[in-house]
Amino acid sequence: MHWDRLFEDLEGQLAAEWETERAVLSAESERLRISRLDLRARLRHLCQARATVTLELADGRRLPVTMRALGADWVAAESAPGDDLLLGRSTRIMPLDAIRAIRADHGSVLTSLEDVSEPGSPLRERMSLGFVLRDLARRRVPVHLSLAIGDDVHGTIDRAGSDHLDLAVHDAGTARIAAAVQGFRIIPFAALIALRTGSDQVL
């Protein structure tokens with residue numbers, strides 16, 4: 001009986017050591033996985049979950065939004081209730097470079113860390129900001145641009161190049177006709193903080 005107890009004790013110690021080793025390896029594996037995680041993967045999770053977050057942008061604005069879509073170098077989000085009192089709900093497209101921080105609840109932060117093998121929409125995630133802006137220009141969608149420096153500006157995109165757009169400036173609520181156009185601006189994508197449209201206009 002003495003030997004039986006001894007072997008049982010040794011087996012218990014060995015099982016405990018194996019379990020500890022497995023836990024250490026699992027924790028190390030998880031740390032390694034997270035070290036390879038990029039911001040796009042976490043934004044993909046937030047968009048798929050339609051998470052409500054607050055985006056802190058390069059110009060100091062804090063926008064409460066519901067995440068909607070992720071592109072190659074941009075993210076789209078819908079304004080939270082009360083954000084656009086005069087316009088109703090609207091969609092904002094923001095270059096990833098314009099985002100300085102994302103405020104989210106703890107559950108959304110943890111969920112965004114989960115492993116995901118496939119992107120939500122492979123085709124959409126290859127669309128560049130220029131591609132989206134060229135589509136808005138083609139459809140003559142009125143836009144409201146928030147810029148890194150200077151006042152916001154409203155108008156219609158006439159054309160979009162690889163790193164800039166041409167905007168015909170006119171008042172909100174008016175069509176882009178020659179008599180309504182107040183001027184033209186060439187705006188580098190690097191100066192763009194956010195672009196706002198009606199909620200049914202994009203994506």
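How many nonpolar, polar and charged residues does the lining of the second largest pocket have, by class? The lining has nine nonpolar, no polar and three charged residues. Before going further, please keep in mind that this is a predicted model, in which local features need pLDDT of at least 70, side-chain atom pairs count only at pLDDT 80 or more, and totals for chains, interfaces and linings use all residues. Residues are numbered from 1 along each chain as its sequence is written, and side-chain values use heavy atoms, with hydrogens and water left out.

**The second largest pocket**

- About 180 Å³ of space lies in this pocket; a volume here is the space filled by probe spheres set on grid points that are joined across faces, edges and corners.
- A pocket is an open set of points on a 1 Å grid over the protein atoms alone, where a 1.4 Å probe fits, with protein on both sides within 12 Å along at least five of seven lines; lining residues have an atom within 4 Å of a point.
- The lining includes Asp 73, Asp 97 and Arg 100, together with Pro 95, Leu 96, Phe 189 and Ile 193.
- For the classes, Ala, Val, Leu, Ile, Met, Phe, Trp, Tyr, Cys and Pro count as nonpolar, Asp, Glu, Lys and Arg as charged, and the others, Gly among them, as polar.

**The nonpolar cores**

- The largest nonpolar core has 23 residues, and those with the most contacts inside it are Leu 133, Leu 145, Ile 157, Leu 165, Leu 167 and Leu 195.
- Two or more residues each come from strand S3 (74-79), helix H4 (129-139) and strands S6 (142-147), S7 (153-160), S8 (164-169) and S10 (192-198).
- H4 gives the largest share of this core, five residues.
- A core is a set of buried Ala, Val, Leu, Ile, Met, Phe, Trp, Tyr and Cys residues joined through side-chain atoms within 4.5 Å, while buried means under 20% relative accessible area, exposed over 50%, and partly exposed in between (1.4 Å probe, protein chains only).
- Helices (H or I, at least four residues) and strands (E, at least two) are DSSP runs, numbered from the N terminus.
- Leaving aside residues up to four places away in sequence, Ile 157 touches Leu 133, Leu 136, Leu 165 and Leu 195, among others; a contact means heavy atoms within 4.5 Å.
- A second, separate core has 19 residues, including Leu 63, Val 75, Met 94 and Ala 194.

**Strand S3 and its partners**

- Six of the six residues of S3 are buried.
- S3 is joined to strand S2 (residues 62-70) by five bridges, and the two run antiparallel; strands pair if DSSP finds at least two bridges between them.
- S2 and S3 form a hairpin with three residues between them, and Val 65 stands opposite Ser 79.
- S3 also runs antiparallel to strand S4 (residues 90-95), again with five bridges, and Ala 76 stands opposite Ile 93 there.
- Glu 78 lies in S3 and counts as buried because its relative accessible area is 18%.
- The C-alpha atoms of Glu 78 and Val 65 are separated by 5.4 Å, although the two are 13 residues apart along the chain.

- Seven of the eight residues of S7 are buried.
- S7 pairs antiparallel with S6 over four bridges, where His 144 stands opposite His 154.
- The hairpin of S6 and S7 has five residues between the strands, and Gly 150 in this hairpin takes a positive phi near 95°.
- S7 pairs antiparallel with S8 over five bridges, with Gly 155 and Val 169 as bridge partners.
- Three residues join S7 to S8 in a hairpin.
- Ser 146 is found in S6 and is buried, so described because its relative accessibility is 7%.

- In helix H2 (residues 39-48), the buried residues are Ala 41, Leu 43, Arg 44, His 45, Leu 46 and Cys 47.
- The cover over them includes S2, S3, strand S5 (99-103) and helix H3 (106-111).
- Most residues other than glycine have a negative phi.
- Arg 50, in the loop between H2 and strand S1 (52-57), has a positive phi of about 50° and is partly exposed at 46% relative accessible area.
- Arg 140, in the loop between H4 and S6, has a positive phi near 60° and is partly exposed at 39% relative accessible area.
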